[in-house]
Amino acid sequence: LGNIRSVANWTRSLGGVALARGDYTKARRLFEESLGIHRTLGDPWGISHSLSRLAVVFLELHDNDAARCLISESLAIEREVGDRPGQLFDIEVLAALAAEEGRPVRAVRLYACSSMLRTEVGRLTVEPGWPKHEHHIRRVRSALGEDAFAEAWEQGCAMTLDEALDYALEEAPTRSRHGEP
């Protein structure tokens with residue numbers, strides 16, 4: 001059992017390398033393989049982390065519906081098991097998704113939530129292929145202007161963790177395309 005979990009974790013790590021290199025086809029295949037193994041094992045941590053990495057692939061491919069399904073499923077699992085670092089990464093992906101969709105206020109609020117959570121969780125190691133958020137933040141700041149950006153940031157920072165998770169999940173689809181309901 002331990003060896004199978006290790007295979008799934010290494011497969012997910014290799015997917016991160018492929019993602020960092022821009023090989024989205026290979027990254028998708030590896031993340032889906034990792035997800036399948038973790039689902040077979042009933043490993044919520046592995047499932048959620050594979051889902052979030054797969055969501056990043058779809059975000060990079062501009063398939064926002066698939067990205068939303070995957071990251072919402074991941075965040076729901078992270079919330080259930082209390083994995084704060086996982087929640088932080090998922091909220092950041094949802095913020096990037098909102099920025100990509102031209103919803104700057106939502107993006108800023110979610111980035112502010114993730115910033116507050118990052119302060120609580122502490123410094124985290126970023127995996128290969130994990131999206132850089134600075135360009136999204138610059139873009140939404142420019143779209144909103146300084147005053148509106150500051151107001152949205154303040155609103156995001158004022159949320160409790162539960163409020164932030166509710167806000168992040170309020171647009172969650174009812175079923176993921178890559179698994180069970």
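This is a predicted model: local features need pLDDT of at least 70, side-chain atom pairs count only at pLDDT 80 or more; totals for chains, interfaces and linings use all residues.
**Rings, cores and cysteines in an all-helix model**

Let me begin with one detail, which is that the charged end of Arg106 sits over the ring of Tyr167, 4.6 Å from its centre; a charge counts as sitting over a ring if NZ of Lys or CZ of Arg is within 6 Å of the ring centre and within 35 degrees of the ring normal. Residues are numbered from 1 along each chain as its sequence is written, and side-chain values use heavy atoms, with hydrogens and water left out.

Now the overall picture. The chain has 9 helices and 0 strands, where helices (H or I, at least four residues) and strands (E, at least two) are DSSP runs numbered from the N terminus. Of the 181 residues in the chain, 47% are buried, and here buried means under 20% relative accessible area, exposed means over 50%, and partly exposed lies in between, with a 1.4 Å probe and protein chains only. Among contacts with a separation of 6 or more, 69% join residues 24 or more positions apart, a contact being heavy atoms within 4.5 Å.

What does the largest nonpolar core look like, and which residues have the most contacts inside it? That core has 36 residues, and Leu75, Ile91, Leu94 and Leu110 have the most contacts inside it; a nonpolar core is a set of buried Ala, Val, Leu, Ile, Met, Phe, Trp, Tyr and Cys residues joined through side-chain atoms within 4.5 Å. At least two residues of this core come from each of several helices, including helix 1 (2-20), helix 4 (64-81) and helix 9 (161-169), and the largest share, 8 residues, is supplied by helix 3.

If we take Leu75 and leave aside its neighbours within four places in sequence, Leu75 touches Gln87, Asp90, Ile91, Leu94, Leu165, Ala168 and Leu169. In helix 9, the buried residues are Ala164, Leu165, Tyr167, Ala168 and Leu169, and the buried residues of this helix pack against helix 4, helix 5 and helix 6. Tyr167, then, is the residue whose ring lies under the charged end of Arg106.

Let me turn to Phe149, which pairs with Trp153 in a stacked arrangement, 5.8 Å centre to centre and with 25° between the planes. Rings of Phe, Tyr and Trp (its six-membered ring) pair if their centres lie within 6.5 Å, with planes under 30 degrees apart counted as stacked, over 60 as edge-to-face and the rest as tilted. Both residues lie in helix 8 (residues 146-158), 4 residues apart, about one turn of the helix. Phe149 is buried, at 6% relative accessible area, whereas Trp153 is partly exposed, at 25%. Arg141 also lies over the face of Phe149, at 4.0 Å from the ring centre.

Cys113 is buried, with a relative accessible area of 5%, while Cys157 is partly exposed, with a value of 24%.
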